Amino acid sequence: MDIPEGILCSDTHQWILEVEDGALIGLTDWIVEQMSDIVSVELPETNSKYSKDEIFSTVESVKTALELLMPVSGEIKEVNEALINAPELINENPYDNWIVKITPDNFQKDSETLMEYDDYIDNV
């Protein structure tokens, strides 16, 4: 699996990647593997604002449910609606199948506590 260049990870297993018009957020491959088959994703409302570390979504698998924490503060600009009817897409490739796109409030400041992918894997 290809890990996107520039990806940052939280210790709560979310990844974030800055893109031209905001930032994409999803689940890391490590946590997806631990969770097993994902069966549902609760998506937030677009235009809603979240603070860093605030719960913005819940992902359920056959093993467990995981509340997702916003890795940086910002406003939801887009949700990956394909996940509503096909949450298993996250299992196929968690980096291609992001959960939300946001407009970060202050990416530089909020991302200081996030880890590069290799550091994240060393810590799990």
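**Aromatic pairs, strands and salt bridges in a predicted model**

Tyr 50 and Phe 56 are both buried, a word used for residues under 20% relative accessible area, while exposed stands for over 50% and partly exposed for values in between (1.4 Å probe, protein chains only). The structure is a predicted model, in which local features need pLDDT of at least 70 and side-chain atom pairs count only at pLDDT 80 or more, whereas totals for chains, interfaces and linings use all residues. Residues are numbered from 1 along each chain as its sequence is written, and side-chain values use heavy atoms, with hydrogens and water left out.

The aromatic residues come next. The structure holds 4 aromatic pairs, where the rings of Phe, Tyr and Trp (its six-membered ring) pair if their centres lie within 6.5 Å, and planes under 30 degrees apart count as stacked, over 60 as edge-to-face and the rest as tilted. One of these pairs is formed by Tyr 50 and Phe 56, which lie 6.4 Å centre to centre with 65 degrees between the planes, an edge-to-face arrangement. Tyr 117 and Tyr 120 form a tilted pair, with 6.4 Å from centre to centre and 45 degrees between the planes. Both of these tyrosines, Tyr 117 and Tyr 120, lie in helix 5 (residues 117-123), 3 residues apart, or about one turn of the helix. Helices (H or I, at least four residues) and strands (E, at least two) are DSSP runs, numbered from the N terminus. Tyr 117 and Tyr 120 are each buried, and together with Trp 15 and Tyr 95 they form one aromatic cluster.

Tyr 50 stands opposite Gly 74 in strand 8. Strand 5 and strand 8 pair in the antiparallel sense over 2 bridges; two strands pair if DSSP finds at least two bridges between them. Strand 8 pairs with strand 9 as well, again in the antiparallel sense, over 5 bridges. Here Val 79 has Val 100 in strand 9 as its bridge partner.

Side chains of opposite charge can pair when their charged atoms come close. A salt bridge is a side-chain nitrogen of Lys or Arg within 4 Å of a carboxyl oxygen of Asp or Glu, and by this rule the count comes to 4 salt bridges. In one of them Asp 105 meets Lys 49, with the closest N and O atoms 3.3 Å apart. This pair links distant parts of the chain, 56 residues apart: Asp 105 is in the loop between strand 9 (100-104) and helix 4 (107-110), and Lys 49 is in strand 5 (residues 49-50). Asp 105 is partly exposed at 46% relative accessible area, whereas Lys 49, at 52%, counts as exposed.

Another salt bridge joins the side chains of Glu 75 and Lys 77 (3.3 Å, N to O). Lys 77 is partly exposed, with a relative accessible area of 42%. Lys 101 forms a salt bridge with Glu 78, the closest N and O atoms being 3.8 Å apart. This pair, too, links distant parts of the chain, with Lys 101 in strand 9 and Glu 78 in strand 8 (residues 74-79), 23 residues apart. Lys 101 is buried because its relative accessible area is 14%, and Glu 78 is partly exposed at 36%. Through salt bridges that share partners, Asp 21, Glu 78 and Lys 101 join into one network.
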